[in-house]
Amino acid sequence: MATDAHPAPLRILVFGAALRAGSLNARLASLAARLFTEAGADVDHATMREFDMPLYDGDAEEAEGLPAGARALHDRIARSDAMVISSPEYNASVPGVLKNAIDWVSRFRPQPFKDKQALLLSASPSLVGGNRGLWTLRIPLEHLGARVYPDMFSLARSHQGFADDGLLADPSGQQRLTETVRAFLSLVEADTRYVCLQRRWYEFLGDHTDAPVTQRAQD
């Protein structure tokens, strides 16, 4: 059987989930986008301001349908092989604007989070680097079927964490982020190009699939 010796680059959506233009998470997302590009991926770099949408309201959805900002985010997730979210931590949890975007996008059928590989990043001036917010963010994403990469990256003391060239000021932190990006990209490549079994990883209410359940530890 013939195979493509030169497959197209993997498409990675790198999403800075903060509204503030000078956000430290915007800087971390930019650095991640740079590293994915250097690793050979086709990067779609997005910011939260590109996806304006109101607070989720079931009555508004019924009367007006899904907002344009939610549709735009849905389309860019759906077109990507994987997504990377760099999210701030608000009060030890996920920012409301990001959770609201997830809630809106989850209303599409089929919703685009199912089986999507996801890498979570955070940057914060705190000593934990926003990591508590990432644990909270995992919950809705995994509920919707996303395969969230176990090794999350959190940049502590991020107000002092960047060098003038955009890299991390701490060489060990830069090395770890680079290794995380490359390991995640290898996983995405394996999942996208070398899957030989049909799988059903979860059962999301209201979302049906004809793929048979397979006997795997992940099922």
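**Figure 1. Contacts and overall layout of the chain.** Among the contacts in the chain (heavy atoms within 4.5 Å) with a separation of 6 or more, 77% are accounted for by residues 24 or more positions apart. This is a predicted model, in which local features need pLDDT of at least 70 and side-chain atom pairs count only at pLDDT 80 or more, while totals for chains, interfaces and linings use all residues. Residues are numbered from 1 along each chain as its sequence is written, and side-chain values use heavy atoms, with hydrogens and water left out. The secondary structure comes to 6 helices and 6 strands, where helices (H or I, at least four residues) and strands (E, at least two) are DSSP runs numbered from the N terminus. Read along the sequence, these elements follow the pattern β-α-β-α-α-β-α-β-α-β-β-α. Of the 219 residues in the chain, 46% are buried, with buried meaning under 20% relative accessible area, exposed over 50%, and partly exposed in between (1.4 Å probe, protein chains only).

**Figure 2. Confidence along the chain.** The pLDDT, which is the predictor's confidence in each residue from 0 to 100, averages 88 over the chain, and 86% of the residues score at least 70. Over residues 211-219 the pLDDT stays under 50, and for this stretch the model has 14 contacts beyond four places in sequence. Where pLDDT is low, the predicted coordinates should not be read in detail.

Figure 3. A nonpolar core is a set of buried Ala, Val, Leu, Ile, Met, Phe, Trp, Tyr and Cys residues joined through side-chain atoms within 4.5 Å. The largest such core has 30 residues, of which I85, L98, L137 and L141 touch the most other members. At least two residues of this core come from each of β1, α3, β3, α4, β4 (117-123) and α5 (131-143), and α4 gives the most, with 5 residues. When neighbours within four places in sequence are left aside, L98 is in contact with F15, A17, M48, I85, S87 and L137. A second, separate core has 27 residues, including L31, L35, A41 and V181. In soluble globular proteins, nonpolar side chains tend to be buried together.

Figure 4. On a 1 Å grid over the protein atoms alone, a cavity is a set of points where a 1.4 Å probe fits but cannot get out, a pocket is an open set with protein on both sides within 12 Å along at least five of seven lines, and lining residues have an atom within 4 Å of a point. Grid points are joined across faces, edges and corners, and a volume is the space filled by probe spheres set on the points. The count comes to 1 cavity of 30 Å³ or more, and about 70 Å³ of space lies in the largest cavity. This cavity is lined by L13, F15, L73, I77, M83, V84, I85, L98, A101, I102 and F113, and two or more of the lining residues come from each of β1 (11-16), α3 (68-78), β3 (82-86) and α4 (96-105). By class, the lining has 11 nonpolar, no polar and no charged residues; Ala, Val, Leu, Ile, Met, Phe, Trp, Tyr, Cys and Pro count as nonpolar, Asp, Glu, Lys and Arg as charged, and the others, Gly among them, as polar. In α3, the residues G69, A70, L73, H74, R76 and I77 are buried, and the buried residues of this helix pack against β1, β2 (42-47), β3 and α4.

**Figure 5. The largest pocket.** About 210 Å³ of space lies in the largest pocket, and of the 13 residues that line this pocket, R20, S23, N25, P88 and Y90 are the closest to its centre. The lining divides into 8 nonpolar, 3 polar and 2 charged residues.

**Figure 6. Backbone details in two loops.** Most residues other than glycine have a negative phi, and most peptide bonds are trans. The peptide bond from R109 to P110 is cis, with omega near -5°, and P110 has its place in the loop between α4 and β4. D115, in the loop between α4 and β4, has a positive phi near 65° and is partly exposed, with a relative accessible area of 25%. A92, found in the loop between β3 and α4, has a positive phi near 65° and is partly exposed at a relative accessible area of 34%.

**Figure 7. The surroundings of Y149.** Y149 has its place in the loop between β5 (147-148) and β6, and counts as buried at 14% relative accessibility. Not counting residues up to four places away in sequence, Y149 touches A118, L119, R138, T180, A183, F184 and L187. The C-alpha atoms of Y149 and T180 are separated by 9.7 Å, although these residues are 31 residues apart along the chain.
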